[in-house]
Every structure is written in C-alpha cells, then in structure tokens.
Amino acid sequence: MSWFGPQPASIRPPVITAARALSSAALLLGQTGAGRGATPVGQVRGARRETRGPGASRYALLDRVRGKRRGELPASPPAGRHTSPARFATDRARANTRNGEGCSNRPGVVIIAAPSDLLAQLVATSLIYAHVPTCQLHPAELADIELEWHGTAVTIGGQPICGLLWRGLDAFDRDPGLDPLIAASWLAAASFPSMRAVNAYDPAAWRRGAGWSVWKDRLGECGVPVQPPPERHSTSPGTRSLVACGAVVAGPETKCVSAAAEVLESSGVRLATVTSLPDGRVCDVDAHPQVSDSLEARRAATRIADYLAA
C-alpha cells in the first residue's frame with residue numbers, strides 16, 4: 001500500500017541490493033578486473049582517486065585573487081597607500097564626515113617611508129581613521145612629486161598639507177639614490193612655520209648634520225648632564241629610551257631623559273632615542289631611530305598621529 005493506493009506489480013520499482021549498487025559504482029569508476037578489489041565493500045570514493053596532497057586548497061577560486069573570473073576576490077592595494085602621482089586617502093574620510101562638508105579642503109599629511117616601516121604604517125592608519133587626508137610616499141617617488149609654496153601654505157598637486165612624517169632615508173647621509181636638492185626641499189618644507197613635522201631641523205642642526213655633536217651642545221646649554229658615548233668595550237653601553245613629542249614612550253624615564261625629551265621637542269625633534277648611562281647622564285641621541293618593537297611603535301604612533309592631526 002502507498003498513499004495513493006495499491007500499485008500494480010508491473011510498475012513497481014525493482015529492488016536493488018547494496019551489493020549490486022556498489023558493483024555498479026565500481027564499474028562507473030573504472031574499477032574492473034584486478035582494480036576492483038582496491039576499494040573495499042561499503043566504501044565509495046569520489047571522483048578524486050588519491051587523497052588531497054599537502055598545500056592543496058579547497059577554495060581554488062578564492063586563491064586566484066588576481067584573476068577576473070566570477071566569484072573571485074578583487075585585488076586591492078594596502079589600505080591608505082598610494083603611489084605616484086600623489087593621492088590622498090580622502091574617500092573614507094569624505095564618506096564618514098557628519099557635517100556633509102567635503103574633506104578635500106582640509107590640509108593633509110604626507111608620510112615619507114618605506115612600506116616595511118611599522119611606525120609609519122601605524123601613523124597612517126590612525127590618521128585615516130581620524131578622517132585626515134593622508135598620502136604615503138616612498139623616498140624613491142619624491143622626484144616625481146610637485147612640491148609648491150603658495151604664500152603661507154605648502155601644496156602637493158594642489159592639495160595643501162599641514163603635516164609631514166619623514167621616515168625615509170636619512171637626509172643627512174649622502175646616499176646616491178637620494179638627490180640632495182630634493183632632500184633639501186622636503187626638509188625646508190618640514191621647517192615651514194605652518195608645518196607640523198616629525199622631525200623638523202633648524203638651520204644650525206641641518207648644517208651640522210643633526211648628529212650627537214649638535215644635541216650634546218643643545219642639551220648641555222639647557223642644563224642636561226651629558227657625557228661622550230661609551231666605548232664599545234665598555235661594560236655599561238647605556239640604556240635606550242624612545243621619546244615621542246616630548247614624552248618617554250619606552251625605556252627608562254629618568255629625570256635626565258625627560259629633560260632631554262623636552263629640549264629635543266623645542267628643537268623640532270619629536271621622535272628620537274635617548275641613550276643614558278646608569279649615573280643618569282645622556283650619552284647619545286639618535287634623531288632617526290628605527291623602531292621595530294610593535295609595542296614601542298604603537299605608543300609612539302599614537303602620540304605622533306595626535307600631533308599631526310591637531
């Protein structure tokens with residue numbers, strides 16, 4: 001009996017046993033003759049004969065992100081990073097502006113750094129989230145950028161800028177890949193009165209190379225105890241402290257280090273490392289530090305982004 005009543009015997013479906021079904025599947029998969037015994041009874045394998053090898057992906061379409069087939073992820077550059085010609089990341093800021101005014105009239109911030117610079121990437125991300133037009137440039141792209149002065153404003157491609165973070169090559173090193181005239185132009189822009197720059201050097205520091213000889217004299221004139229750097233074979237090479245915008249963000253925060261951070265900030269140096277000896281004296285200042293620790297980079301990036309976005 002069925003729901004629709006008894007069915008005639010002539011149209012009843014034939015009963016197929018499990019053994020016959022497995023035998024038919026083996027024939028469809030080509031397992032005949034000697035190969036029929038390779039698959040045990042009760043185990044039906046799919047079209048893939050062998051097991052999935054190491055490194056094989058179950059999402060083949062998603063792996064080819066640079067293709068143009070339907071269903072694939074679009075290829076996109078890193079967030080907030082643009083190459084020459086200079087472009088400012090303002091789309092997100094314009095979309096999130098509450099008062100409805102465009103963000104193109106707001107002065108932007110230029111970050112000159114390599115893509116591998118952790119501190120620069122953190123500062124750029126913070127500025128974009130703060131709706132500040134941000135442009136990241138590689139030091140090799142500076143030759144193609146139009147840097148202009150218009151009265152009391154500095155512009156790049158018609159976009160006024162009010163902040164500059166220089167994390168590229170050290171402008172005071174005579175590197176063959178960096179034109180001295182280009183470096184001088186950008187350092188002059190950093191010293192512009194309306195520019196918030198990290199770092200901005202005055203003419204005296206610029207002329208003398210912004211090395212330890214400059215900061216030793218500056219710190220000594222301001223009453224900070226200083227001492228020449230210890231020799232390499234010394235048992236006490238000193239302890240490094242990272243300072244950002246006049247505050248110690250990593251390392252010992254002694255009285256001498258805090259005083260040195262204030263003196264450096266008044267001289268336009270808002271990012272540096274100060275090395276101090278156990279007796280408290282300052283023995284070295286690096287105005288172009290390489291920050292590789294993630295915690296130190298986050299702390300310094302927070303203060304620098306607040307200063308550039310102010």
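1. Does Asp 117 count as buried or exposed? Asp 117 counts as buried, since its relative accessibility is 9% and the cut-off for buried is under 20%. This holds for a predicted model, and the points below should be read with that in mind.

2. Asp 117 has a charged partner. Its side chain meets that of Arg 167 in a salt bridge, with 3.3 Å from N to O. The two residues come from distant parts of the chain, 50 residues apart: Asp 117 sits in the loop between β1 and α4, and Arg 167 belongs to strand β5, residues 159–167. Arg 167 is buried as well, with a relative accessible area of 5%.

3. The structure holds 4 salt bridges. Another of them joins Asp 202 to Arg 218, whose closest N and O atoms are 3.0 Å apart. This pair also links distant parts of the chain, with 16 residues separating Asp 202, in the loop between β6 (196–198) and α6 (203–208), from Arg 218 in helix α7, residues 212–221. Asp 202 is partly exposed at 24% relative accessibility, whereas Arg 218 counts as buried at 18%.

4. A further salt bridge runs between Arg 240 and Glu 296, where the closest N and O atoms lie 3.1 Å apart. Arg 240 is in strand β7 and Glu 296 in helix α9, so this contact ties together parts that are 56 residues apart in sequence. Arg 240 is partly exposed, at 40% relative accessibility. Glu 296 is buried, with a relative accessible area of 19%; the cut-off is under 20%.

5. Turning to the nonpolar residues, the largest nonpolar core has 25 residues. Those with the most contacts inside this core are Ile 111, Leu 119, Val 123, Leu 127, Leu 271, Ile 304 and Leu 308. At least two residues each are supplied by β1 (108–113), α4 (118–129), β7 (239–244), β8 (247–250) and α9 (294–309). The most comes from α9, which gives 7 residues. As a general background, nonpolar side chains in soluble globular proteins tend to be buried together.

6. Which residues is Ile 304 in contact with, leaving aside its neighbours within four places in sequence? They are Leu 119, Val 123, Leu 165, Val 198, Cys 245 and Leu 271. Of these, Leu 119, Val 123 and Leu 271 are themselves listed among the residues with the most contacts inside the largest core.

7. There is also a second, separate core, made of 23 residues. Among them are Tyr 201, Trp 215, Ala 261 and Ala 272.

8. Strands β9 (residues 271–276) and β10 (residues 282–286) pair in the antiparallel sense, over 4 bridges. Within this pairing, Val 274 has Val 285 of β10 as its bridge partner. The two strands form a hairpin with 5 residues between them. In the turn, Gly 280 has a positive phi of about 100 degrees.

9. Is Ile 145, a loop residue, buried or exposed? Ile 145 is buried, with a relative accessible area of 11%. The loop in question lies between β2 (134–137) and β3 (147–150). Ile 145 and Ile 182 are 37 residues apart in sequence, and their C-alpha atoms are 9.8 Å apart in space.

Methods:
Residues numbered from 1 in each chain as written. Predicted model: local features only at pLDDT ≥ 70, side-chain atom pairs only at ≥ 80, totals over all residues. Heavy atoms only, no water. Pairing = 2+ DSSP bridges. Core = buried A, V, L, I, M, F, W, Y, C linked by side-chain atoms within 4.5 Å. Buried < 20%, exposed > 50% of the residue type's maximum accessible area, 1.4 Å probe, protein only. Contact = heavy atoms within 4.5 Å.
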